[in-house]
Amino acid sequence: MKTLLELQAIQSIGNTQQSVQSVSSEPSVFTALLEEMMSSSTSSLTDTENLLGYYSNLDNTSSNSIDTNYLSSFAYTGEGNKLPNSYYNELLQTGENVFSNHINKDYINSDGYTNVLEGANAYSDIIEQASQKYGVPGKLIAAIMKQESNYNEHAVSSAGATGLMQLMPGTAKYLGVHDPKDPVQNIMGGTKYISQMLNKFGQNVELALAAYNAGPGNVSKYGGIPPFTETKNYVNKVLDYYNA
């Protein structure tokens, strides 16, 4: 909603630079965007979704059952000022010249991944969709990707772990990932797995990360982070990225 108010303010500035004739026949960018967000007919959504639906259902929606609205779950993840790249690009292609001429994409998306997580921006749309589907913070997904593959979708470890989130063959099969080098399948699969680990260990991020690295059996066996140097370093590094 803050984004919409910013768009309205920028639109009002832009309108002062145009003649009344050129503006009167065109709908306000703010109005058009608001109508589109309240509509269920946008090409990036299914017939049962709308971009503001989450807010109306906020009181009846638990953190573990976030609906699948494309933008609305950002209220939960704390990324309410960010327009997904795919949606923003669709807007630019609608012929709304005022929108494209007076709004800076970097300004709207200024809360994107930065510093050590900057490489995650290339996969931001997939991360956002995985985040809302499985209820995992997007920044945590990006931090795991950074540690696992440094955003190299073709990475393959000596043990056979593959792709952005380094899925082992058995884990990939269990998660229904047929091509672990495919960014969409890999991120969706890896996010599903970390979500399962978070649920298994009471939403404890440290234990979930340890289970992602060493397996849930080892976490249960030792009653906490296993005494493996690799796993302890892994948890610390991912948390450092996550908290950066």
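Hi everyone! Let me open with a question: among contacts in the chain between residues at least 6 apart in sequence, what percentage join residues at least 24 apart? For this chain, that share is 46%. Keep in mind that we are looking at a predicted model.

Let's start with the overall picture. The chain is built with 15 helices and zero strands. It has 244 residues, and 43% of them count as buried.

Now let's go inside. The largest nonpolar core holds 40 residues. If you want to find the ones with the most contacts inside this core, look for Ile127, Ile144, Met145, Ile187 and Leu209. Several helices each supply at least two residues of this core, among them α9 (124-134), α10 (138-149), α12 (183-200) and α13 (205-214).

Let's zoom in on Ile127. Setting aside residues up to four places away in sequence, Ile127 touches Tyr113, Ala120, Gly138, Ile141, Ala142, Met145 and Ile187.

My last stop is Ser149, which sits in helix α10. Is Ser149 buried or exposed? Its relative accessible area is 9%, and buried means under 20%, so Ser149 is buried. And which residues does Ser149 contact, leaving aside neighbours within four places in sequence? Those are Ala155, Gly163, Leu164 and Gln166.

Definitions and conventions. Residues are numbered from 1 along each chain as its sequence is written. This is a predicted model: local features need pLDDT of at least 70, side-chain atom pairs count only at pLDDT 80 or more; totals for chains, interfaces and linings use all residues. Side-chain values use heavy atoms; hydrogens and water are left out. A nonpolar core is a set of buried Ala, Val, Leu, Ile, Met, Phe, Trp, Tyr and Cys residues joined through side-chain atoms within 4.5 Å. Buried means under 20% relative accessible area, exposed over 50%, partly exposed in between (1.4 Å probe, protein chains only). Helices (H or I, at least four residues) and strands (E, at least two) are DSSP runs, numbered from the N terminus. Contact means heavy atoms within 4.5 Å.
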